[in-house]
Amino acid sequence: MKKYICTTCDYIYDPEIGDEEGGIPPGTVFEDLPDDWVCPDCGDSKEVFEPLED
């Protein structure tokens, strides 16, 4: 599963971990995150995230 990085604060969304505090269970791919999900570190929207290159 592909990881995504916040271009504002460099938080990395890892679908294998999810976002427990945000109510996102492990195994949730980035594309399936709710539209109103925000970066847990800086609060920016999904639009500022980019795929993380391996």
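Which pattern does the chain follow when read along the sequence? In this predicted model, the chain follows the pattern β-β-β. It contains three strands and zero helices.

Along the principal axes, the C-alpha trace spans about 25 × 25 × 15 Å. The accessible surface amounts to about 3,600 Å², and carbon and sulfur atoms account for 46% of that area. Buried residues make up 31% of the 54 in the chain. When contacts between residues at least 6 apart in sequence are considered, 44% of them join residues at least 24 apart.

The three strands form an open sheet with antiparallel pairing, and their order in the sheet is β2-β1-β3. Strands β2 (12-13) and β3 (49-51) stand at the edges; each has a single partner strand, so one side of each is left without a neighbour in the sheet. Strand β1, residues 4-6, is joined to β3 by three bridges, and the two run antiparallel. Within this pairing, Tyr 4 stands opposite Pro 51 of β3.

The loop between β1 and β2 contains Asp 10. Most residues other than glycine have a negative phi. Asp 10 counts as exposed because its relative accessible area is 55%, and the cut-off for exposed is over 50%.

Which residues make up the largest nonpolar core? This core has 10 residues, namely Tyr 4, Cys 6, Tyr 11, Tyr 13, Ile 24, Phe 30, Leu 33, Trp 37, Cys 39 and Phe 49. Two of these members, Trp 37 and Cys 39, are located in the loop between β2 and β3.

Trp 37 counts as buried because its relative accessibility is 5%, and the cut-off for buried is under 20%. Leaving aside neighbours within four places in sequence, Trp 37 is in contact with Tyr 11, Tyr 13, Asp 19, Ile 24, Phe 30, Ser 45, Lys 46 and Phe 49. With one of these residues, Asp 19, the side chain of Trp 37 makes a polar contact, side chain to side chain, at 2.9 Å. Gly 22 is 15 residues away from Trp 37 in sequence, and their C-alpha atoms are 7.7 Å apart.

Cys 39 is likewise buried, with a relative accessible area of 2%. Beyond neighbours within four places in sequence, Cys 39 is in contact with Cys 6, Cys 9, Tyr 11, Asp 44 and Phe 49. Cys 39 and Asp 54 are 15 residues apart in sequence, and the distance between their C-alpha atoms is 21 Å.

Leu 33, another member of the core, is in contact with Tyr 13, Ile 24, Thr 28 and Lys 46 when neighbours within four places in sequence are set aside. Thr 28 is found in the loop between β2 and β3. Is Thr 28 buried or exposed? Thr 28 is buried, with a relative accessible area of 14%. The side chain of Thr 28 reaches the backbone oxygen of Pro 25 at a distance of 2.8 Å. Apart from residues up to four places away in sequence, Thr 28 touches Tyr 13, Pro 15 and Leu 33.

Ser 45 is also found in the loop between β2 and β3. Its relative accessible area is 28%, and Ser 45 is therefore partly exposed, a class that covers values between 20% and 50%. Residues up to four places away in sequence not being counted, Ser 45 touches Trp 37 and Val 38. The side chain of Ser 45 makes a polar contact of 2.7 Å with the side chain of Glu 47. Ser 45 and Leu 33 are 12 residues apart in sequence, with a separation of 11 Å from C-alpha to C-alpha.

Technical notes: Residues are numbered from 1 along each chain as its sequence is written. This is a predicted model: local features need pLDDT of at least 70, side-chain atom pairs count only at pLDDT 80 or more; totals for chains, interfaces and linings use all residues. Side-chain values use heavy atoms; hydrogens and water are left out. Helices (H or I, at least four residues) and strands (E, at least two) are DSSP runs, numbered from the N terminus. Buried means under 20% relative accessible area, exposed over 50%, partly exposed in between (1.4 Å probe, protein chains only). Contact means heavy atoms within 4.5 Å. Accessible areas come from the Shrake-Rupley method with a 1.4 Å probe; for residues, only the protein chains shown count as cover. Two strands pair if DSSP finds at least two bridges between them. A nonpolar core is a set of buried Ala, Val, Leu, Ile, Met, Phe, Trp, Tyr and Cys residues joined through side-chain atoms within 4.5 Å. A polar contact is a pair of N or O atoms within 3.5 Å; within protein, one must be able to donate a hydrogen and the other to accept it, and residues adjacent in sequence count only if both atoms are side-chain atoms.
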